[in-house]
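Subject: Structure handover

Hello,

Here is the structure we spoke about.

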Amino acid sequence: MVVAALLFLVGALIGRSYSVMIIAMTSSVVMFTAMTIFMSVYGLDLLHVLIMLGYLTAHQAGYLLGAYLTDYPENNRGL
């Protein structure tokens with residue numbers, strides 16, 4: 001849970017500052033790192049794949065929240 005919370009915060013910070021390409025690259029790093037650690041220590045099983053998907057979900061949800069809170073101006077046509 002602590003790792004997921006930290007990934008959520010990192011995702012929110014990335015969402016406030018960077019574009020979607022950065023989140024794609026950091027998500028790849030998170031996935032590669034988690035799978036490398038899980039495979040070397042525990043082996044590959046369904047539980048650890050689901051944990052990795054939870055980490056990616058937290059990271060990307062943080063990005064979406066950060067991008068939403070940045071309040072980018074939308075095309076409201078002067079309304």
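A residue counts as exposed when its relative accessible area is over 50%, and as buried when that area is under 20%. Tyr42 has a relative accessible area of 56% and is therefore exposed. Phe38 is at 10% relative accessibility, so Phe38 counts as buried. Please keep in mind that this is a predicted model.

Helix H2 covers residues 20-41 and helix H3 covers residues 46-69; their axes come within 10 Å and cross at roughly 160 degrees. Angles over 145 degrees count as roughly antiparallel, so H2 is roughly antiparallel to H3. The crossing of H2 past H3 is right-handed. On the H2 side, the contact is made by Val20, Ile23, Thr26, Ser27, Val30, Met31, Ala34, Met35 and Phe38. H3 contributes His48, Val49, Ile51, Met52, Tyr55, Leu56, His59, Gln60 and Tyr63. Sorted by class, the residues of this contact are 13 nonpolar and 5 polar, with no charged residue.

Now H1 and H3.

Helix H1 spans residues 2-17, and its axis and that of H3 come within 6 Å, crossing at roughly 35 degrees. This crossing is right-handed. From H1, the residues that meet H3 are Val3, Ala4, Leu7, Phe8, Val10, Gly11, Ala12, Ile14, Gly15 and Arg16. Their partners in H3 are Tyr55, Ala58, His59, Ala61, Gly62, Tyr63, Leu65, Gly66, Ala67 and Leu69. The contact of H1 with H3 has 14 nonpolar, 5 polar and 1 charged residues.

What does His59 touch, leaving aside its neighbours within four places in sequence? The contacts are Leu7, Val10, Gly11, Ile14, Ile23, Thr26 and Ser27. His59 is listed in the contact of H2 with H3, and also among the H3 residues that meet H1.

Regards

Technical notes
Residues numbered from 1 in each chain as written. Predicted model: local features only at pLDDT ≥ 70, side-chain atom pairs only at ≥ 80, totals over all residues. Heavy atoms only, no water. Axes fitted to C-alpha atoms, helices over the stretch in contact; angles between N-to-C directions. Helix = DSSP H or I, 4+ residues; strand = E, 2+ residues; numbered from the N terminus. Parallel < 35°, antiparallel > 145°, perpendicular 65-115°, else oblique. Left-handed = near helix turned anticlockwise from the far one by under 90°. Contact = heavy atoms within 4.5 Å. Nonpolar A, V, L, I, M, F, W, Y, C, P; charged D, E, K, R; others polar. Buried < 20%, exposed > 50% of the residue type's maximum accessible area, 1.4 Å probe, protein only.
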